[in-house]
Amino acid sequence: MLKRFAIHPIALFKISLALLAFVLQPIAANACTSFVLSTVDNIKMYGRTMEFGKQIPTKIGLIPRGYKFQSQINDEAGHSWTGKIAVIGASIFDSPALVDGMNEYGLSGGALYFPGSAAYKNPSDDEAQRAKEINQVDFLVWMLSTFKTVEEIKVNLDQVTLVGTFYESMDEIPPLHYTLHDAAGFSIVIEPINGELKVYDNPYTVLTNSPDFEWHVQNIRNYLFLSPFNIGSTEIMGQELTPFGQGSGLLGIPGDPTPPSRFIRALGLISTIDAAELNKNRLVTMEHVLNNFDIPKGFVRPAISPVEQEQEANDYTQWSTIADIENRKYFIKTYENPTLHGVSFEDFDVTGSQIQFVNLPSPKPTQPLLPPMQ
């Protein structure tokens with residue numbers, strides 16, 4: 001026989017808060033979202049958001065062909081190479097390290113946080129082996145400055161050995177995985193799993209954070225019932241019932257900021273976008289999709305005591321980027337200034353030898369919407 005239990009309203013309130021805290025519980029920088037939109041004539045637009053608790057100093061890096069890179073493996077020199085292809089991207093800590101970017105052939109991609117899942121190969125003590133080793137923060141710019149397509153990346157990954165190294169500027173060994181997209185429409189995901197690189201073709205183009213990409217692909221099966229089409233009326237026990245309003249076909253699409261939910265939400269958005277609208281204004285449509293993943297300060301907080309929370313920064317969307325792969329133009333907007341600013345390869349000398357840095361757009365001055373009343 002089932003027993004009925006009465007729950008005091010205060011206890012129920014506490015349980016509700018606990019469940020909410022569980023849903024919103026983050027892992028630092030665990031909210032990056034990336035995807036590609038394609039127009040009816042196969043023009044590609046790549047976009048991503050970047051979330052982190054602590055402010056990550058970011059500038060636009062303009063890296064010419066012929067730039068000489070040197071990857072550091074802890075305190076030792078690792079792989080060095082000369083870039084063959086010019087790159088524009090989001091540079092962190094005034095360095096050539098890019099966490100997002102696009103090259104002059106349209107190859108675009110980003111490094112996204114992969115906590116609890118990334119497992120790198122350890123650095124070698126052998127000097128000859130170390131010459132092939134590249135750290136996880138330099139790995140993306142190596143690919144963007146060297147290759148034109150994702151297929152070239154796939155067949156040349158054995159040129160370097162990806163190892164996990166301590167990154168002093170972030171005071172950690174950053175756990176990362178990578179998403180790459182080329183102008184022909186091919187996409188891959190690269191993940192360091194158990195010391196080996198796993199490479200996956202990605203027909204969905206979406207990537208968020210942990211768990212691993214294979215898990216996210218299997219999780220899609222839990223949402224096969226979703227549809228952009230509204231549900232019609234239904235008769236139950238002789239009574240005709242209709243939905244409350246619009247969007248009934250998407251009832252059940254996850255709206256929380258966890259990586260699995262964002263993966264499904266991004267996939268739902270990009271797979272149902274009106275292609276005719278996308279063709280009219282690709283940039284505007286990309287912004288509308290990106291805005292679904294914008295996290296304001298305070299919405300995602302560390303699972304720590306209230307006193308510690310006052311000392312810890314909360315995850316928020318520090319910036320978002322869009323790469324117009326067709327026109328080779330790279331756009332960025334920040335938390336403080338949500339207006340897109342674009343940079344193209346025509347804006348710098350792609351044959352030079354020095355990297356150039358461009359500050360992110362400063363906060364927009366606040367203007368009154370209406371003139372003062374007379």
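Guide: The model is predicted, so local features need pLDDT of at least 70 and side-chain atom pairs count only at pLDDT 80 or more, whereas totals for chains, interfaces and linings use all residues. Residues are numbered from 1 along each chain as its sequence is written, and side-chain values use heavy atoms, with hydrogens and water left out.

One of these salt bridges joins Asp100 to Arg48, at 3.2 Å from N to O. Because Asp100 belongs to strand E7 (residues 98–103) and Arg48 to strand E2, this pair ties together parts that are 52 residues apart in sequence. Helices (H or I, at least four residues) and strands (E, at least two) are DSSP runs, numbered from the N terminus. Both Asp100 and Arg48 are buried, that is, under 20% relative accessible area, where exposed means over 50% and partly exposed lies in between (1.4 Å probe, protein chains only).

A further salt bridge connects Arg65 with Glu104, their closest N and O atoms being 2.8 Å apart. Arg65 sits in the loop between strands E3 (58–63) and E4 (68–73), and Glu104 in the loop between E7 and E8 (108–113), 39 residues apart. Arg65 is partly exposed at 32% relative accessible area, whereas Glu104 is buried at 18%.

Asp324 and Arg282 also form a salt bridge, with closest N and O atoms 3.1 Å apart. Asp324 lies in strand E16 (residues 316–324) and Arg282 in helix H8 (residues 282–290), so parts 42 residues apart in sequence are tied together. Asp324 is buried at 7%, as is Arg282 at 18%.

Finally, a network of salt bridges links Glu151, Lys154 and Asp201.

Methods
Salt bridge = Lys/Arg side-chain N within 4 Å of Asp/Glu carboxyl O.
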